[in-house]
Structures are given as structure tokens and as C-alpha cells.
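This report describes the packing of a helix pair and the layout of a sheet. The structure is shown first.

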Amino acid sequence: MAAPAPKRSISREAEGRPLGKVETRTETGAETRVEPGTTPAANSFARWQAGSAPAEPIAAILDLLRQGERFLVCSHTRPDGDAVGSMLAMGMLLEQMGKRADLVASDRVPPLYRTLPGADRIRSVLRVRGLYDAAILLECDSLDRAKVRGLEPYFHINIDHHATGRNFGNLNWIDHEATSAGEMVHRLIKASGAMLTPEMARCLYVTVLTDTGGFCYGGVRERTFTLAAELTRAGADPIGVAREIYFSAPESKLHLLGAALSNLHREGPLAWLWVTHQDMVRSGASEEDCEGVVNYALTIAGVESAAFLRELPEGRIRLSLRSKTKIDVAAIAASLGGGGHENAAGVTLDGPVEQATERILGVLRAALREAESR
Ligand SMILES: [Mn+2]
């Protein structure tokens, strides 16, 4: 039997209103004391112990979505196009199903994606509290990745497509073949029988476009174009989206790019570039302006792998890695404590820039030697 629908709002903290310690969840008269994060007792939820990876994840997830009433939807820190687009589409699906969805992220939605339908619904929060049937984590390889406190007590539905994905949730659906988490949300939408609205289609198109670097990498295959066609048919506007994503850069981004390109180095199949925190300040650049800078190094003919290093204000180094085919940069990033995709990954290293550069070049040289010898 499904849990009775909670009768009043029970997720106030995320709305900036503090919760009391005792909450009434039923209107039967008796006050029910509930620990923050306790999930209503629905059988389907009890079925999945930590680490479950069901053979039919789509059916299992839809079953939970139908049984539950309210869901937290969350993605990783510094949300990218896939994080934002997949969260929004997931929220829209839940709403169509008559559920409540609270969308949260640790960081603000980057300006690039703020024009997406419903983007202002994603709230930047440090902590979540309150009653949810489940927290749906998109694109996270751990709870840590979300950088949102208070997630631990919930039932976790983990939806991820990264090579570094792990079964950290109660119910886990990891598909390395999917180009984006959005592609997986699209499959949920279709299987649910919900209508694929133009707003959903636009959000999902952005996830595919950005996670494949404009249909250039990230496991693009025939079905990626079938998906893009389907989303276009449902109302996504490929030209409009491309204009917003690729032709709407702030001037600061170009100034930063200039600084990075003046630090461009090449060693056979490797290319790397960096910016100091001073470069960031001088360019008036924001973190978002760094997005994609690494790809310029990868455009050089004969370059197999590229690295972009950015000095953070506190002196650590944010490293972005890319590869064309031969090198698995997700494995490299993971070995250093980061993560990502086979052809696009990232990690934060200790500074200074010179030391971080030597460290990553050592690893990349070794990976290239190994790839050549295969
Ligand atoms: Mn992704």
C-alpha cells in the first residue's frame, strides 16, 4: 500500500524556513515524531537496500516515483549543462506525475543555463532537511559530490552516466553508454507515459549537446542523433539553444582565453595551458568563463590529450583534462581523487601551478606511453 500523502508542507528548510523538531505528518490526531529525513513507509522503498542495482532500473525508479509524494532532486557542485538540464526535466516529470519536487544544488546555476525553463526553481542551498520520500541524485558518484549537507538520512536514487559512477545509493542506475544524465531522464519520461513537453525537450537537448561537446565526443553514436531528432520534434530549438550556449560568451571569457593561450605549451601529443588567479582577476573572469578553455588546446592537430590548470584563490589548482581517443582521462582523474568521463574529466590538485603541471604531465606521459604500447 502506498504511503498516505503528507498533508502539509514538510520541506521548509530548503525554502529558508526552519523546521521544528516535531512534525505532524498525519491528520489522524496523533502527533508523529519523525527524524529529519525519515521516509514514509512505502513497501517499494523498503525493497531496496543500500547498493541495489536492479536489472530493470527504469521500472524500479518509476515505481518509487509513483509511490512517493515528495522528492528532492539534486546534482553535483558547479552544475553544468547536464546537471541543470537533467534536474529541470526530472522536476517537470515529477510534477506531471502529481508529485512535489524540490530542486537544489550547492552552487548557483551558471548564467549560461539560467534561461532554461524553470531554472529559477533550482535553489542554491548549503543544507537540506525535512521529509522526502527520496533524494534523486543526478550525475553524482557519491553524496559528497553534491556538496549539500543533510542528504545522508534519505533514501537515495542514484542516476549517473559517468565512467566513475558508483552504487552509493539505495537504488542505483548507472549507464556508461548514455551520453548524458538527461538521456537517462528522457528514458524515464518515455517509460512513464508522461508527455515530453517542449520545455522538457529543450532542457534535455541542452544535456546532450553540452555533454557531447556539440556532438563531438562523449560516446556520440547513432542513437544520440535519434534522441536529438526526437527532442527537436518535441519542441527543442537546436539553433536557438546553440546560440545561447556557444555564441553568448561574456567578453571576460575571451580575455581569460587570451591569458590562457599565452601560456600554451606543447609536447608531442600533449598540450597544456594555465591561468593564475591574477589572470582571472585581470580578465574580470568568473569560474564559468573557464568552461571549455581546455578544448582550445585539444584543437591542435596531433594533440591527443590536453590539460587546463586554473589557480584557485586559495592556491589549489583546478585541473580539466581532455582526450581525443587513446587516453582514459576519467581513470587518470579518479587516480588523483577526481572523476568524469573517458574523454573529459577533472580534479583539484595542490598548488603551485608548476608543481601541479609536472604532476599531471608525468601521469599523462605515462598513460600515452602505455597507450602506444597497446
Ligand atoms: Mn553528464
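The model is predicted: local features need pLDDT of at least 70 and side-chain atom pairs count only at pLDDT 80 or more, while totals for chains, interfaces and linings use all residues. Residues are numbered from 1 along each chain as its sequence is written. Helices are DSSP runs of H or I with at least four residues, strands are runs of E with at least two, and both are numbered from the N terminus.

Helix α5 (residues 198-211) packs against helix α7 (residues 238-246) at an angle of about 60°, the axes being 11 Å apart. Axes are lines fitted to C-alpha atoms, for helices over the stretch in contact, and angles run from 0 to 180 degrees between N-to-C directions.

## Residues in the helix contact

From α5, Arg202, Tyr205, Val206, Leu209 and Thr210 meet Pro238, Val241 and Ile245 of α7 (contact: C-beta atoms, placed from the backbone, within 7 Å).

## The sheet

Six strands form an open sheet with mixed pairing, in the order β7-β8-β9-β10-β12-β11; pairing requires at least two DSSP bridges between two strands. Because β7 (265-267) and β11 (339-340) each have a single partner strand, one side of each is left without a neighbour in the sheet.

Strand β8 (residues 270-275) runs antiparallel to β7, and three bridges join them. Glutamate 267 is opposite leucine 270 in β8. Helix α8 (residues 251-261) lies across β8 and β9 (305-311), at about 125° to β8.

Key: Two residues are in contact if their C-beta atoms, placed from the backbone, lie within 7 Å.
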